[in-house]
Amino acid sequence: MAITASAINFSELSNKPADSVRKLQESPNQTLLVHRRGDEEDLVLTTAGRAEEVREVISTTTTLFVALMQHSAEVRRLVTEVVPQAFPWVRFLPREDVQAFVVELVDTLEAANSLGAPAPVVNLIGQWRRTAEVHADPRLAEILGRNHEEDFGEVPRPGATTE
């Protein structure tokens with residue numbers, strides 16, 4: 001998701017904080033993108049009120065979506081059908097994996113929302129995307145799908161002694 005915001009350099013924030021706050025307050029979405037030097041990640045500066053509004057929208061949307069998914073099998077079927085529009089890479093997953101992704105996504109959204117922490121959702125989506133990448137590459141799928149015990153012989157259990 002791209003952030004559309006007014007922008008300043010980090011040095012401007014440090015050297016002219018009052019001007020930076022004025023730019024933030026005048027920004028239509030109360031957000032200021034702060035560019036940092038080199039490979040350092042840029043920062044997003046916003047007001048506490050704006051951050052709370054965003055959190056409320058995310059929480060409300062998540063709660064509504066979870067409630068709909070728990071409401072009926074028809075809704076779950078419909079979401080499974082339309083999920084490729086939101087995540088085109090699911091087209092490489094087997095149908096049962098798409099369904100598993102949807103169920104796991106809903107569970108994770110609900111749990112993450114209760115903590116106010118988006119990282120578990122981002123991690124889950126990334127894991128499923130990597131799974132789709134394996135399914136999309138027949139050579140990689142074949143390598144990962146083969147019996148690897150033959151590659152290295154039998155692997156002893158941790159702590160077992162070998163003679």
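This is a predicted model: local features need pLDDT of at least 70, side-chain atom pairs count only at pLDDT 80 or more; totals for chains, interfaces and linings use all residues.
Leaving aside neighbours within four places in sequence, Phe 65 is in contact with Val 79, Val 106 and Leu 109, where contact means heavy atoms within 4.5 Å. Residues are numbered from 1 along each chain as its sequence is written, and side-chain values use heavy atoms, with hydrogens and water left out.

Phe 65 lies in helix α3. Helices (H or I, at least four residues) and strands (E, at least two) are DSSP runs, numbered from the N terminus.

Let me turn to the helix pairs. Two packed helices are described by the angle between their axes and the distance between the axes. Axes are lines fitted to C-alpha atoms, for helices over the stretch in contact, and angles run from 0 to 180 degrees between N-to-C directions.

From α3, Phe 65, Leu 68, Met 69 and Gln 70 meet Val 75, Arg 76 and Val 79 of α4. Sorted by class, the contact of α3 with α4 has 5 nonpolar, 1 polar and 1 charged residues. Here Ala, Val, Leu, Ile, Met, Phe, Trp, Tyr, Cys and Pro count as nonpolar, Asp, Glu, Lys and Arg as charged, and the others, Gly among them, as polar.

Next comes α4 with α5. Helix α4, residues 73–86, packs with α5 at an angle of about 100°, and the axes are 10 Å apart. That makes α4 roughly perpendicular to α5; angles under 35 degrees count as roughly parallel, over 145 as roughly antiparallel, 65 to 115 as roughly perpendicular and the rest as oblique. In this contact, Val 79, Thr 80 and Val 83 of α4 meet Arg 95, Val 98, Gln 99, Phe 101 and Val 102 of α5. The residues divide into 5 nonpolar, 2 polar and 1 charged.

How do α5 and α6 pack? Helix α5 covers residues 95–115 and helix α6 covers residues 119–136; their angle is about 165° and their axes are 9 Å apart. That makes α5 roughly antiparallel to α6. The contact of α5 with α6 has 10 nonpolar, 2 polar and 2 charged residues. Among the residues of α5 that take part are Phe 101, Leu 105 and Leu 109, and the α6 side includes Leu 124, Ile 125 and Trp 128.

I now come to the core. The largest nonpolar core has 20 residues, and those with the most contacts inside it are Phe 87, Trp 89, Val 90, Phe 101 and Leu 105. Such a core is a set of buried Ala, Val, Leu, Ile, Met, Phe, Trp, Tyr and Cys residues joined through side-chain atoms within 4.5 Å. Helices α3 (48–71), α4, α5 and α6 each supply at least two residues of this core. The largest share, 7 residues, comes from α5. Not counting residues up to four places away in sequence, Phe 101 touches Val 83, Phe 87, Trp 89, Val 90, Ile 125 and Trp 128.

Finally, consider some residues elsewhere. Gln 30 sits in the loop between α2 (17–26) and β2 (31–35). Most residues other than glycine have a negative phi. Gln 30, although it is not a glycine, has a positive phi of about 50°. With 31% relative accessibility, Gln 30 counts as partly exposed. Glu 26 lies in helix α2 and, at 54% relative accessibility, counts as exposed. From C-alpha to C-alpha, Glu 26 and Val 90 are 41 Å apart in space, and they are 64 residues apart in sequence.

Methods:
Buried means under 20% relative accessible area, exposed over 50%, partly exposed in between (1.4 Å probe, protein chains only).
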